[in-house]
Amino acid sequence: MKYHIVTYGCQMNVHESEKIAGLLRSAGYSEEAPVEEADIVVFNTCCIRENAENHAFGNIGALKKLKRQKKGMLIAVGGCMAQEAGKAELLVRKFPFIDIVFGTHNVAELPSLIERKRREKKVVSLLPDRAATEDGAEAYRTSYPNAWVNITYGCNNFCTYCIVPYVRGREKSRSADRIIEEVRALVAAGYKEITLLGQNVNSYRDGETDFPALLDRVASVDGKFRVRFMTSHPKDFSARLVEVMKKHDKICNLLHLPAQSGSSRILSLMNRRYTREQYLEKVALLRREIPEAEITTDLIVGFPTETEEDFAGTLSLVEEADFSSAFTFVYSPRTGTKAATMEGQIPEEVSKERIARLIGRVNENTRRKSERYVGKTIEILCEDFDAKKGLYLGREPLGRMGYFASAENCVGKFVQMKVTRANGVSLYGELI
Ligand code: SAH
Ligand code: SF4
Ligand code: F3S
């Protein structure tokens, strides 16, 4: 039997889909296949912004005809949107052909839900937030040479725009020993990059072990591999973390530090618990200790009451913090969050115009910073072959994608590339 998984949203979900694949394989679905050939199709959804939901709605709806032709095909919908208040009911009402709806707290039960579906008409199983931090699912990994490793689940921060705490539950940290065990096994299996995942890795805690201590242990595992981590909440980014980054060559000096806004007034309304000045202090701390470090970020435009002056603060932050790249988003009201009922919602035309200007500014910065690479030699961890370009690709430690030609298969290897040309975040060059 064959399976097909459609994933939306963040790295957390990408890794969860690897666990879903592992579970399906243990339940007898031994092969991945295109949707038309699949015996089960799983949608692993996201609800961070309205367009993420619309995307999933559209794709699920598009299966109606196929499901009519292939009665035996199962359709399961899980992930953050399924867990969102009222959405499961809406999903089965809108798409009566869905067989199974499962939540973010019971992914591991998917095989038993499939079993139940053989006896019942429709299976909807959403559990409230549970304390379990080991979901018991062995991931079927597809991201070699990188391996994702969860360190925390959920979030306690309740940024006023964000739905994650509602659909992922309260923050829980995994046991440090279990994490180290997993990292050791992955490195022994040949993975060359470990990316630690959490909504806010900096608030990790297992007894005496906080995030800097955990990172120190992870980077002390023997072997040649890189360590990355995401996401860092600026309020908890500390000098001790910088110390650990400095201590280990394995830890990439790339920090994803979502600023969200460059206006202290908006940051306060967002409940981010830092000001523009405090954010820039963290940036300065990192650059003082590790001058070559790069910072990427997330920025939201059009948060309720955002004025042109607030927005100008976000624009100027791009240069002041000198981001190497940024994910930019138009604020999307999420039912149940505090910001959704705030006065002063910003008209779409205004947000669209602002985000266009912001993207322009970010791209300019990215281009300027990438051009400095021309002529330099960088270490690339080769990830894949781009058949269209006829080139191998992989990332350098600071996150840029490098493209190069090679006669032999380089995937999973560290190679030295001399940069001959830069284009946005991409670098092109020759192996040396
Ligand atoms: N835990 C991470 C981010 C998770 S969500 C952190 O705290 O940084 C990824 C990004 O989506 C956020 O950083 C934010 O920029 C964006 N985002 C979250 N909710 C949003 C909303 N309602 N509208 C627009 N963007 C949003
Ligand atoms: Fe959402 Fe804020 Fe938690 Fe990030 S820290 S997941 S933005 S509530
Ligand atoms: Fe990630 Fe989307 Fe959920 S961003 S945590 S998949 S709401």
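In the predicted model, Pro145 is located in the loop that runs between strand β6 (123–125) and strand β7 (146–150), and the peptide bond that joins Tyr144 to Pro145 is cis, with omega at about 10 degrees. A cis peptide bond also links Met230 and Thr231, where omega is about 5 degrees; Thr231 belongs to the loop between β13 (226–230) and α10.

Positive phi values are found at two residues described here. Phe158, which is not a glycine, has phi near 50 degrees and lies in the loop between β8 (152–153) and α7 (164–168), where its relative accessible area of 30% makes it partly exposed. Gln260, likewise not a glycine, has a positive phi of about 70 degrees and sits in the loop between β14 and α11; with a relative accessibility of 8%, Gln260 counts as buried.

Phe158 also takes part in the surroundings of ligand 2, which include Cys155, Asn157, Cys159, Tyr161, Cys162, Val164, Pro165, Gln199, His233 and Arg272 as well. By class, this shell comprises seven nonpolar, three polar and one charged residues. Gln199 is listed again around ligand 3, together with Cys10, Asn13, Cys46, Cys47, Ile48, Cys80 and Arg168, and the shell of ligand 3 consists of five nonpolar residues, two polar residues and one charged residue.

Among the helices, α9 (residues 211–219) and α10 (residues 239–247) have axes that come within 9 Å and cross at roughly 10 degrees; because angles under 35 degrees count as roughly parallel, the two helices are described as roughly parallel to each other. Their contact is formed by Phe211, Pro212, Ala213, Leu215 and Asp216 on the side of α9, and by Arg240, Leu241, Val244 and Lys247 on the side of α10. Six of the contact residues are nonpolar and three are charged, with no polar residue present.

Helix α12 (residues 276–289) contains 14 residues and reaches 20 Å from its first C-alpha to its last, close to the 20 Å expected at 1.5 Å a residue. Its buried residues are Arg276, Tyr279, Leu280, Val283, Leu285 and Leu286, and these pack against α10, β14 (254–256), α11 (264–269), β15 (294–301) and α13 (308–320).

Finally, Ser351 is placed in helix α14 (residues 348–371) and is buried, with a relative accessible area of 2%. When neighbours within four places in sequence are left aside, Ser351 is in contact with Val301, Gly302, Val330 and Ile346.

Definitions and conventions:
Residues numbered from 1 in each chain as written. Chains lettered and ligands numbered in written order. Predicted model: local features only at pLDDT ≥ 70, side-chain atom pairs only at ≥ 80, totals over all residues. Heavy atoms only, no water. Near = heavy atom within 4 Å. Nonpolar A, V, L, I, M, F, W, Y, C, P; charged D, E, K, R; others polar. Axes fitted to C-alpha atoms, helices over the stretch in contact; angles between N-to-C directions. Helix = DSSP H or I, 4+ residues; strand = E, 2+ residues; numbered from the N terminus. Parallel < 35°, antiparallel > 145°, perpendicular 65-115°, else oblique. Contact = heavy atoms within 4.5 Å. Expected span 1.5 Å × (residues − 1). Buried < 20%, exposed > 50% of the residue type's maximum accessible area, 1.4 Å probe, protein only.
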